[in-house]
Amino acid sequence: MNIVPTLRKRRAQAVASVAVLALALTACGGGSGNSGSDDKAKAAGITLVKSGKLTVCTHLPYKPFQYKEGSDVVGFDVDLLNLVADDLGVKQDVVNIEWAQITSGAAFQAKKCDMGMGAMTITPARQAAISITDPYMDATQVLMTKKDSGIKSLADLRGKKLGAQADTTGKKYADDNAKANGYTVIPFNDLALQENNVKSGRVDAAINDNGVLYDYVKDNPDMTVAAEFNTGEQYGFGALKDGSGPKLVAKFNELLKKAKSDGKYNEIYKKWFGVEPKK
């Protein structure tokens, strides 16, 4: 969920209210069979915000990276962070919170969570605010429209409305190219709202990460990905800038390297995207 802090001033009050109402959810499969003890975490020099749990903040939904399935939160990011939970012998709990709270580091400083997930693009601004893992996936921005819209590029949106998710690199890309292409950017607070507004015709197109929009198109045959933009993005997980944050980041990096060598990463990737990652 590639991120640039765009609408934060207008959303300050919303951020505070959502933070208060943040919902703790169970990550499916997290720490299966684990005792919930902090012993392994303590041995690694890691202090968790909640005993027996790896608490992970995100902003739902962002399918297929993290979304609710019944009472559980499932997805690609969830399965990857379960590698950390299992290694530490704890369960993963997910907290649904305002996205800007994660990327700014506020959620970690307030001890709301140990790590943050959400297909987060690694940017210099974020690296200055929080600890970020090694890249675990490449990404780019794409344009989604109705299949019969006739829209093939940003230039075809002149005089029309382009939906973008607030606080994302997709929003920044849309803003940066709006003047040259003559469209109006309409911000949405989450992915589901953005997708549904294209489908209903309230906006003419949407820009967001390739993984989420291709997943939506797969389940909605009346929609299509009309264009791709080579933005060269990479995803990472976030944590506190100091304290246990860098240790959790190092732990994930170690486990990611192992998962890529023993085939576990490919297995998780294929589970959520239907194919193995490109070499």
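Tutor: Begin with the charge: it sits over a ring if NZ of Lys or CZ of Arg is within 6 Å of the ring centre and within 35 degrees of the ring normal. Here Lys63 lies over the face of Tyr67, 5.2 Å from the ring centre. Likewise, the charged end of Lys260 sits over the ring of Tyr265, at 5.1 Å from its centre. This is a predicted model, in which local features need pLDDT of at least 70 and side-chain atom pairs count only at pLDDT 80 or more. Residues are numbered from 1 along each chain, and side-chain values use heavy atoms, without hydrogens and water.

Student: How is a pair of rings described, and how many aromatic pairs are there?

Tutor: A pair of aromatic rings is described by the distance of the centres and the angle of the planes. Rings of Phe, Tyr and Trp (its six-membered ring) pair if their centres lie within 6.5 Å; planes under 30 degrees apart count as stacked, over 60 as edge-to-face and the rest as tilted. The count comes to 16 aromatic pairs. Phe65 and Tyr235 have ring centres 5.5 Å apart and planes at 90°, so this pair is edge-to-face.

Student: Are Phe65 and Tyr235 buried or exposed?

Tutor: Buried means under 20% relative accessible area, exposed over 50%, and partly exposed in between (1.4 Å probe, protein chains only). Phe65 is buried, at 0%, and Tyr235 is buried, at 0%.

Student: Which aromatic cluster do they belong to?

Tutor: Phe65 and Tyr235 belong to one aromatic cluster whose members include Tyr62, Phe76 and Tyr265.
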